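This report describes a single protein chain, from its overall dimensions down to selected residues. The sequence and model are shown first.

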Amino acid sequence: MRRVIRWLVLVVMLLLALPYGLTLAYRTGHPASTLMLWRQLTGAPVTRQWIDFKDIAPILPRTVIASEDAKFCSHHGIDWDAVRDAVADAEDGDAGRGGSTITQQVAKNLFLWPGRSYVRKALEFPLALWIDLILPKQRVLELYLNIAEWGPGGQFGVNAGAGYAFGRSAANLSGREAALLAAMLPNPYRRSARKPGPGMRRLAGTYMARAAAVDLSGCGSRKR
């Protein structure tokens, strides 16, 4: 029995360590998310055409940062102010604010599972710190844009999302189209960039205005 327990402990430790090793390998390449892999295993449709960061319309990453993680270029994987706000909201009975950074979402998408749980968050926090330490900010953003879910029918990555919503590549998005995609991101099943309602259009307008103030140059110059 003790030998079995030792083996189980070893297996668990190896599984917990695996994402940290894979992060080193993900400096390059086109990794898939756990949700993409699960859908492929279960026969659900998956569409993803990888697009390099340099080929994406420059307005899109700025708009996504404006909508998802305003402090992306300055934090170290976790926005502790947002975490405190989310905890305060939860204590007040309002669970609407998640507080996750883009880096945390990359950790979740690459290595963990969707949904909310304290176990996942406990695994996600150190992974986000590690990812931010190991990978350049631009690479983290490139990964996020290529593994996030951007459509209701298995469209993963912004290229597939742009193709589904607008019939064009993510290289040729306008500011309005980028803002509509960003507004859709939290829930691509209930929100549509393809057929946006009044609320989506108003939200997209807000993100367009915020994107003008986003300066990506700070993402490349921060000391590590």
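A contact here means heavy atoms within 4.5 Å. On that basis, residues 24 or more positions apart account for 68% of the contacts in the protein chain with a separation of 6 or more. The model is predicted, so local features need pLDDT of at least 70 and side-chain atom pairs count only at pLDDT 80 or more, while totals for chains, interfaces and linings use all residues. Residues are numbered from 1 along each chain as its sequence is written, and side-chain values use heavy atoms, with hydrogens and water left out.

**Overall form**

The protein chain has eleven helices and zero strands. Helices (H or I, at least four residues) and strands (E, at least two) are DSSP runs, numbered from the N terminus. In sequence order the pattern is α-α-α-α-α-α-α-α-α-α-α.

The C-alpha atoms of the protein chain fill a box of roughly 60 × 40 × 40 Å along the principal axes. The radius of gyration is taken over C-alpha atoms, and the globule rule is 2.2 Å times the number of residues to the power 0.38. For 224 residues a compact globule would have a value near 17 Å, and the 18 Å of the protein chain agrees with this.

Of the 224 residues, 43% count as buried. Buried means under 20% relative accessible area, exposed over 50%, and partly exposed in between (1.4 Å probe, protein chains only). The accessible surface of the protein chain comes to about 12000 Å², and 60% of this surface belongs to carbon and sulfur atoms. These areas come from the Shrake-Rupley method with a 1.4 Å probe; for residues, only the protein chains shown count as cover.

The mean positions of the 29 positive and 17 negative charges are 6 Å apart. Lys and Arg count as positive and Asp and Glu as negative, whereas His and the chain ends are not counted. Each charge is placed at NZ of Lys, CZ of Arg, CG of Asp or CD of Glu.

**Nonpolar core**

A nonpolar core is a set of buried Ala, Val, Leu, Ile, Met, Phe, Trp, Tyr and Cys residues joined through side-chain atoms within 4.5 Å. The largest one has 51 residues, and those with the most contacts inside it are Val64, Leu145, Trp150, Val158 and Leu181. Two or more residues each come from helix 3 (59-68), helix 5 (102-111), helix 6 (118-134), helix 7 (137-147), helix 8 (158-166), helix 9 (175-184) and helix 10 (198-211). Helix 9 gives the most to this core, with seven residues.

Leaving aside residues up to four places away in sequence, Leu145 touches Phe53, Ile56, Pro61, Val64, Trp150, Gly157 and Val158.

**Helix 8**

Helix 8 is largely enclosed by the rest of the structure, because seven of its nine residues are buried. These are Val158, Asn159, Ala160, Gly161, Ala162, Ala165 and Phe166. They pack against helix 3, helix 7 and helix 9. Just after helix 8, Gly167 takes a positive phi of about 70°.

**Selected buried residues**

| Residue | Relative accessible area |
|---|---|
| Thr103 | 0% |
| Ile147 | 1% |
| Asp132 | 3% |
| Ala148 | 4% |

Thr103 is placed in helix 5. Apart from neighbours within four places in sequence, Thr103 is in contact with Phe72, His75, Gly77, Ala128, Ile131, Asp132 and Val140. One of these partners, Asp132, lies in helix 6. Asp132 and Ala107 are 25 residues apart in sequence and 10.0 Å apart in space, C-alpha to C-alpha.

Ile147 belongs to helix 7. Not counting residues up to four places away in sequence, Ile147 touches Pro31, Ser33, Arg48, Val106, Asn109, Leu110, Phe156 and Gly157. The C-alpha atoms of Ile147 and Ala204, 57 residues apart along the chain, are separated by 21 Å.

Ala148 is found in the loop between helix 7 and helix 8. With neighbours within four places in sequence left aside, the contacts of Ala148 are Asn109, Gln155, Phe156, Gly157 and Leu185. Ala148 and Pro188 are 40 residues apart in sequence and 10 Å apart in space, C-alpha to C-alpha.
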